[in-house]
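Reader: I am new to reading structures. Please take me through one part closely, step by step. Then show me how other parts compare.

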Amino acid sequence: MAERIKIAIAALLAVGGLVAYYVLADRATVMRLGILLGGFAAAVALMAFTQSGRTFVAFSRESWEEAKRVVWPSRKETLQTTGVVFLFVCTMAVFMWLVDWGLTRVTQALLGTGG
């Protein structure tokens, strides 16, 4: 029950910051942004003390560690792969243009309309 109350309060803090941003439209933008970001920061801080927040933080850390273990391709491999993809796309574009042109000519010949 305490978890749900914390989550509800966090949501209210975030919504309150958003509402205050629009309600205080006649104030300085810097002040409005400060209130908005403050409301979101307070909501995030409160969420960090919930089980959902702790689970999310653990997941984020594990994801960051996993990203560090990824073996990224070298510049040469990246450029070669990009070149192959570009060549394939250009080849398929020419092929599709030829098919379209050919089907247009066949259709025109069958219907007796010339272009």
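Reader: Please look closely at R32. Is R32 buried or exposed, and which residues is R32 in contact with?

Author: A word of caution comes first. This is a predicted model.

Start with the place of R32. R32 lies in helix α2, which covers residues 29–47. R32 is buried. Yet R32 has no salt bridge. Which side chain of opposite charge is nearest? That is D26, and D26 is 7.2 Å away. A salt bridge needs a side-chain nitrogen of Lys or Arg within 4 Å of a carboxyl oxygen of Asp or Glu.

Now the surroundings of R32. Leave aside the neighbours within four places in sequence. R32 is then in contact with Y21, Y22, L24, A25 and R27.

How many aromatic pairs does a search of the whole structure find? The search finds one. The pair is made of Y21 and Y22, with ring centres 5.1 Å apart. Their planes stand at 90°, so the pair is edge-to-face. Edge-to-face applies because planes over 60 degrees apart count that way.

Are Y21 and Y22 buried or exposed? Y21 has 17% relative accessibility, so Y21 counts as buried. Y22 has 57% relative accessibility, so Y22 counts as exposed. The cut-offs explain both labels: buried means under 20% and exposed means over 50%.

G34 has 42% relative accessibility, so G34 counts as partly exposed. From G34, look across to G102. These two residues are 68 places apart along the chain. Their C-alpha atoms are separated by 63 Å.

Next comes helix α4, residues 75–111. F88 lies in helix α4. F88 has a relative accessible area of 55%, so F88 is exposed. F88 also belongs to a nonpolar patch on the surface. The patch is formed by V85, F88, V89, M92, F95, M96, V99 and L103. Together these residues have about 760 Å² of accessible area.

T107 lies in helix α4 as well. T107 is partly exposed, with a relative accessible area of 41%. T107 and E65 are 42 residues apart along the chain. Their C-alpha atoms are separated by 59 Å.

Back to your question. R32 is buried and has no salt bridge.

Technical notes
Residues numbered from 1 in each chain as written. Predicted model: local features only at pLDDT ≥ 70, side-chain atom pairs only at ≥ 80, totals over all residues. Heavy atoms only, no water. Patch = residues over 30% accessible without salt bridge, like charges linked within 9 Å, V, L, I, M, F, W, Y side chains within 5 Å. Areas by Shrake-Rupley, 256 points an atom, 1.4 Å probe, with all protein chains shown as cover. Helix = DSSP H or I, 4+ residues; strand = E, 2+ residues; numbered from the N terminus. Buried < 20%, exposed > 50% of the residue type's maximum accessible area, 1.4 Å probe, protein only. Lys, Arg positive; Asp, Glu negative; His and termini not counted. Contact = heavy atoms within 4.5 Å. Phe/Tyr/Trp six-rings, centres within 6.5 Å; stacked < 30°, edge-to-face > 60°.
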